[in-house]
Each structure stands twice: as structure tokens, then as C-alpha cells.
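Visitor: Please take a close look at one part of this model. I would like to hear about its aromatic pairs and a helix crossing.

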Amino acid sequence: MTSEILSAINILTRPFGEASAQSSQQEALRVALGSNRARLLQQLQSDSSFEEVRKLREEVKLAADWFCETEDVTWSFIQECLLLLLALTRYLAEELKRFQQAPPSSAGKLCTPEMAPPLPPDVLSVFQQKTLGSALQFVVSLGLCPYLAPGVGVPLGRRSTFGAMVETLVRREVWPPAGRRLLITTRVLLQLAELSSVATLVFTQHLGDVMAALCQLGHQPGHQPGHQPLSSDERRVCREDLRNLLGNVYQPIVIKELLILQGGPKQSGPGGSSSRAGPGSAPAWLRRLCGQLLSERLMQPSGVQAVVRAVLEGGTGGASDWRKCDAVARILSACPQQSASADEYFKLVCPQVLDLLHFRDKLTAQQFQRVATRTALSMVQERPGLARQYLLGPLLSPLERCIDTSSAAGGSEVVVEESELTRCVDDVFKIWVVGASPSETLLAALQDVLPVVFTLFSFTKHNVSHLRAPCQEILLWFLTHSESSAALLVLRQLSGLQERRKDVAADLQFSAGSDGGVRLVCRQSCRDEDDQLYEKLSGEQWRLECLTQLLAELKESDLPGDFFLALLKDLTTWAATADEELRDEEQVDVAAMTLLEAEHRLLGGAERRARRLALLQVVAVMIECLQHTQLLRKTSQVVDFMVSLLQRACVGLDVSSEPGAGNPVETQTLSLGMGLIATLLSSPQLSAEDYSCMSRLLPHLQTLSLQHPDPLVQELSSNLRAVIATHGAYRPEDLAVAGADAGQSSKHSETTPEMRSEGNTSQTSVRTNSRHAEPSQHPGPKGDPDSSNKPFSDWLLEACDPDVPTRAFALRILTQKVQRRDLEAVQAQEKVLLLLLENLEHEDPFVYLSAIQGLAVLAESYPDRILERLLRDFQLGPSLPSLDKERSLETRLKVGEVLMRASRAMGEMAPHLGRPLVSVFLQGTKDPDQSVRASSLSNLGELCQRLDYSLGPLAQELSCCLTALIKTEQEAEVRRAAVHVIALLLRGLSHKTTQVLSEVLLDLYRALKWVVRSDPDQVAVLHAQLALEELDDIMRSFIFPEQKLEKKIVVLP
């Protein structure tokens, strides 16, 4: 029967061809509507197929108290549409009820698993939905929109030219009145929407019109001309229907329609007044109603997200969308009038604003993040107290829990979960750094947790973590945008020069998370006091290094220089008070003190010394890690540096001291500093501002010119003072040269030949004892003439010289000759080999590193002979006699280093030359000594990643060896090396992995997963995670290869 009812609706709504002969479009449409209605009634009476439709229509007509006979053709047509639509929904509702009550067993006997479930009877085909949609469009266009008041909803004339014609077709003066017609149409549409299949068509196409009608019927004040006043019960029912409709429809669509109903700003009149509503402008009562309803939508659960989706949904992320984001942010940050209080509004909205920061979809996340950021910044600017309580407080709560000592008293080992800390850091980065709108409230809130962020940053520098970059950006943002005094205070706290407040609690510590983040856990009690002391000192040193790395990132800021100058001023103050404290200690009578007073005095002196040592440590680290161009960027900073230097020079100055009696280091430093001042004054680009800045040097220069024991320093101080005081009007000749001569003369007058010799020796010893740097090329240590003129035999003799620098330099020269294929070196390669092997056992790193480099060059130049000898020494021990077993083991490890360098240098020859090396390295993994096993695995990893397809026959043996070591080896160092071999292997083979290691790839994957799950060593777990990331990239590229667009030309026969 559904198809019969829809056929009747189709007869009523389809175009009628004979109407085109009429005189005007309005008359043609009126005649077509009347003809279609008459034709429908005739079909219902005459056609037997419509018998049931006619009966159902009559039942609906009897139940409809609103149906009436009228002279208006359009309203008669609308009444027929409403009767048929109600008949359809009544029939579908009854059929759906019977379908839902039918037992499933009767239908299930004939169903098979391959069959689809039966469709409910209210499901309509596409053609049937089109017919139903046409009828609904007639009902809304002719029975609802023409009776809306001006400014309520979008007028039909604004929608299309046909809509403008329809507005003139309606006869409002004929019974029933316009208000009654609007009420009837709206009620019937809501009654139709009780069936879900029809509700979808009604609300997806005509929701705005239905909402406009309900607003007018339930909330329009006063009596409107041409409208019969509704009863209070009817208006109340309309208001309730509006509430129910707004609560049951998808909220972003509701908000979007309310914004359309609310309309734009009022149109200004000709005289500039805004009291007159222009065309399409909503009346005042409707604007107030829409504002109230929008505020209610906003203050519901998930209301903020609904508002944002309503405005931004369907956007492309362009400039217009960003302007929409800012507009939504201004709406959300303003407290609506309907709210009970601003406190309640912020308490409800702020958690929803924070939820906007956590979306995953790329485009949605960008837009929502922009809205959340701008909203948070607006709230902080307009209501800082409430924003601090309800927005910034919950956002920073994971970091604040790191400070609270009571957090560890809960009995749980994990105080802050990894996900919480990650989300907190990301949110802080988005609002503070990406928002890029510093304010006092934001800076104060961030300063409270900044020590925790710095501690977290220092921890991430030890590990691989995705939190390192956002933590660094947060710290740099604060140091860049805060006041200089506040930034310097924070730097003092972070460097340990002042008491650390609001840092991570002493019984808590950060720990690496499973997803690349960080979590906060309870600190494990240290077993030994020495371990505690070492952990404390190493931690402070690491914090200082991390702080200097942060300062190094501030390339365009004066903050590093200001901090450095502040530390120098503290040093000057320390130098000024050191002598007084020393005299006070000498004059104190400890015997007259009580035991408690003596203890307090000793503790006070120890604290002062600790602070001074910490100050010296910070200054030393800054000088070592930061470049001078960053510490002293401007002339004013250079002047401040010189002021502090001259102050220290004047502190201990004694008028009666004889020349040369002072500290030579201080005198040399002073001379160099004055040379720097002379160089600055020699610059032709000095301005009056620079001279006024240098005027702070005048008192100290005068003191030096009068009291310093060195006449040259006195003269230079006087000249510099005269140049600064006259702003360059008086300038002695060669001022900069005189300053440089003063520095040089100071050096030579205070450094005897014996001292210079001792200095050279100490520099040589320092360079020799450095075990962390590769030896570089130095000139001949004995001042020999050009090395190219020396015969080859002399270099061989010097390679056996007991003097370490001479021997090492000779080994470097021999290595260069071998590398250049010198004729004498080629002929004496056996002697060179023995000489290098002998020096390999030398204890000085400068010598044995040179020997290692030479052997690597020999192995690269003559691999067939040299590699065989080196492999034998690595496998069986050194061929040269050695009585010390420990020295023999050390030599084997050095030979392993040579083999690793040779493996790197093989290049494309690795598949040809590497097979013997693989065998020896595999045997080395069974050596009794763990260092040899680890060295063999390291060399194996370097070699295997260069073997490519030639590794295939060895894959099974290699896999068995590595998996056995991973699961059975007791030493953590060897397990780390085995896992690292797999990582290097995957990295070297790259896209060839699935071909070369196809048979063992699953075994290697299981071994890596076993390490991640079961290995107690965190370093081995980290290596396994890196290897799994390599394998993940390889398999992704294998399963989803990159699509390449290629042109192919095929020659047809």
C-alpha cells in the first residue's frame, strides 16, 4: 500500500502540461494546483487500486480537526498534501510496529548466513524519497514560509525567483487565517517527523523553516495583523515542541540554523539610525530568543564542541576559516547573560575548551586548536582570575603534581602517567608557544612549573623522547618573552645558584615511558652514599650543560650575555669580601664560643664556599659551551664585562706594592682587557651613546692609573681614560697597537723561559692524556725542517723514538706515505706493518690511535695480505710476544677497531673481501671474554650492513647466533651489541631486507619483541625499539610501495 499512497502523492505534485497556456505564471500555477487536486480526487473515487488509500484518507480526514473547505486553491492543495502524508506515516508506523513485534523464528527458518536481514517497511526507495521530498517542499513553500512574519527565517524571494512568485500566489484574507494555517502546517510536519524515515527528509531539508515557525508561534509578542491570536495553551505547546526539537536534533545543525535565524546586524537607515530593520534582518524579539537558545546550547555538555563544529564544519582551512576561528573564540570567552554567574560559566566551559586540543584528525585538529588557543588567551586576558582557576590550573595539574610531595604517599609507584604528562606538555606548547600571546598571567602560571619542565627537558636529553622538542620550545618561549629580571632569576634557580623552588619532589623521579614519553615514579632508595653523591654531582653537571644548550639557542637575545655579566658581578663581589671574611676568621676566638655557635659558624662558611664553587662551575661551563659572540653581542655588554674585570683588578690593589709583586695571571688578564678597550676605541663607528656607556670605566681607569704597580698599565689606563672622557677628541697614535703591546709585554715580562718550557710540556701532556679525541695533524714536535726532505729511514727510526709526540708524528707521516702509495713505503710495507703492530701495544692513546689509523690504511691498500694477518691476531691473540695477558686482550680489541675501520672502507668490495671476516667475527662471539664478544658483534654489524645480497647464504647462521646471544647471554653489554647488530643489518639492507632475510626475518622480529618484553637492561630495550622502528618502516614501504607515475610507450606491431 506504500506505493499506492506515494502514487497518489505523485499525482498531486507532478507538473500538469495544460497549464502552460494560461496568461501568467501565477495563474498557471494556481490552475495546475487545482487541476492536480481535482484529478487526485477523481482517481480516488474511480480507480479501484486506490480504494484502500481513499479509506485511509477519509479516516485521517475525520481525525483532523483542522481540515476545512476554503476558496484558496493553494491551501486546499496543501490540505490534500497533508492528508496524504499523514495517511502514509500512519500506515508505515502500523506496519513497522507489526514488523518489530513479529517473532524472528518464523523468518529465520528460511534465512541463510549469506542472506541480508529483511528490511523494515518504512524504508523507501530513491524514487519514493524523491516523491515524498517534492510533497514536503510544496507543503513548506505554500503552507509555511508565506505565513512567517517579516524577518523570521529566510524569505522565499531570497531563495529563488519561483519562491518570489509563490509569495504572491497565497491569499491571506481567505479563511482560515494565516496564523492558523502556520500552526496547522507546523503541527503536521512535527507529527510526520515522529516516523524516523520521514523525519530524516523533514529535518535535513526544512529544519530552519520548522524552527522559524515554532519561534514565531510560541514567542512572537503581541497580535500581528492578519493573524488570529493563538491561545496560551497553543503557544505553550509550540514552545515545548521547540525545546524538544532543539534537544533531539544534531546540535551543530541546530546551532547553525539558530545563527541563520538570528541574522546579521541591523541595517542602518538613511539618516544613520539603526532602529529600522532592513530586508532580511531579524526582529528584536527573535534575536533575543536565538541568543538565549544559543547560550543554552553552549552551556550544555559538549556544547562548546557543537558550536565550533557548527561554524567550522565543511571548512578548508583557508584564511576565512581562521577568521571564523577567531570569531568563535570571542564568543566562547564572553560570558552569556543567561548564565547564573561567570564562575559557573567558566567552570562549565573551560574543560570543554581543553578537550578541543586533543583531536586527532589533521584538519579538524588545526581548526579546533586555533579556537581553543584563541579562547584560552581571550579568557586569560579578560578574566585572569577565573582563567587561572578553571583553565590553567587543570591544564598544569600534572606538572604541579610533580612538585607535591604528598603525591608519593598514595602508595602507587606511578605518580603521573605517561599519557597525562604528554598531554599536559602538548597543551602547554599549543597555548603558550603556538598562541604566541604573552601576558602576565600566562608567564606567572608557567613560571610556577618551569623548574619541572626544565627537569623534564634534562631527562629527555638523556633518552630518545618526543617531549624534548616541546619542552625546549616552552623554556625558550619563557626566557624570550619574560622580563629580563624574571628571566635572570629563573636562570639562577635552574643553574642551582639560588634555592630551587617548585622543582620535582626529592622522593620522585622521571622514568622513560613505553610510548616514547615520560612518566613520574617514586624514587628508588640508593644503596650507597657514594652512589648518592655521584648521582647528585653528575645530575647537577648535566643540568648545567642542558642550561647552556638552551642559552645557545637564544642566538638573537641578549639574555645569555646579561646572565654571564651578572655572574661576573657576583665574582667581583666575592673577591671584594673574600679578604674581609679571611681576616674575620683569623680574629675570631673559637675557644670563647659555645659548641653550637662554632658549629653554626663552620656550617655558614661551608655554605658560602659551596655557593662560590657553584658560581665558578656555572661560569666555567658557560665559557666552555657558549661562543664569545653570543656572550658579548653588543658594545654595552662588552663594556659591562670590562667594568667587572676592572672592578676585580681594583679590589686587591695595594698602593705600596712593588712592580711585579702582583699575581701574574691577574696582571696578564688586565693587560688583555685593556687591549680590548683600546681596540674598541680605535673603531671609527663609535657613537655618542657608546662613549656614554664607556663612561662607567672612568673611575676604575683612574684608580689603575694612580695605584697599579706596572708603569705600562698606568700609562695605558691614563690614555684610555682621556680618550673616553673627551669622546675621542684626544686620541694617541696607534692606540690599539699600544694596547696589544701592553698585553704582549705583560706576557713576556711575567713568563720566564723556564715557565714557557713548563707550559709547553704541560700542554703536551694534556693533549697526550686526552683519550676521547682522534689525534690531529701537528707540526713536528722538535722543530725539524720540512718533513718532505727527510729520508724514509729517518721516519722509521723516529717511529721507535721514546718521546711520545715524536713517535706519534712519525706514525702519522708513515700513514700518509702509505696512503699516497709512496715507492719506499710500498717496498717497506712489511716493516711498516711490524712497526704499526708494535706501536699498537703502546699505552699512550696518541700513539696507538695513530697506529690504528695506519693499520686501517694498510688494510685498505693491501687487503689480501694485511687482513689475513690482522684476522689471525684478532682470533688467536697478537703474534708479537707479550707476557701480560691483560695487555694482550687490549691489543686484540685494538685490532678489532682496525678491522671495523677496514670494514667501513671496503665499500663495494665488501662482498668479495668480507666473507673471511664474517667467519672470524662469528667465532669471536664465543670468546670467553665479554669485551671480545662485544667487539666481534660490533664489527659484525658494521660489516653485514655492507654485504647486501651476498649475505643471503649466511642469513640462517647469523640469525641463530644473534637470537641465541639475545636469549642466553648473561652480560648486558653483549646483549646490547647483538640487538644493535640487527638494527644495523636492517638499516643497511633497507628495501632489500625482505629479499635477503626472507627466511629469518620472523625469527629476528620475535627476538626483538622478546627483548622489549623481557630484557631487564633498558639500553638493550632501547636498541630493540629502534630496530623495530627500522623494521616497521621497511615493511610499510614493502606493503604500501610509493606510487610512481610513469609514461610507457608501446610500439604496436
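Guide: A residue counts as buried under 20% relative accessible area, as exposed over 50%, and as partly exposed in between, using a 1.4 Å probe and protein chains only. The model is predicted, so local features need pLDDT of at least 70, side-chain atom pairs count only at pLDDT 80 or more, and totals for chains, interfaces and linings use all residues. Residues are numbered from 1 along each chain as its sequence is written, and side-chain values use heavy atoms, with hydrogens and water left out.

Rings of Phe, Tyr and Trp (its six-membered ring) pair if their centres lie within 6.5 Å; planes under 30 degrees apart are stacked, over 60 edge-to-face, and the rest tilted. This rule gives five aromatic pairs. Among them is the edge-to-face pair of Tyr345 and Phe346, with 5.9 Å centre to centre and 85° between the planes. Tyr345 is buried, at 0% relative accessible area, and Phe346 is buried at 1%. Phe359 and Phe368 also form an edge-to-face pair, at 4.7 Å and 80°. Here Phe359 is partly exposed at 25%, whereas Phe368 is buried at 2%.

Next, the helices, which are DSSP runs (H or I, at least four residues) numbered from the N terminus. The axes of H17 (residues 362-382) and H19 (residues 418-434) come within 10 Å and cross at roughly 65°; axes are lines fitted to C-alpha atoms over the stretch in contact, with angles from 0 to 180 degrees between N-to-C directions. H17 and H19 are therefore roughly perpendicular, a term for angles of 65 to 115 degrees. In contact (heavy atoms within 4.5 Å), Gln369, Thr373, Ala376 and Leu377 of H17 meet Lys430, Ile431 and Val434 of H19.

Definitions and conventions: Helices (H or I, at least four residues) and strands (E, at least two) are DSSP runs, numbered from the N terminus. Angles under 35 degrees count as roughly parallel, over 145 as roughly antiparallel, 65 to 115 as roughly perpendicular and the rest as oblique.
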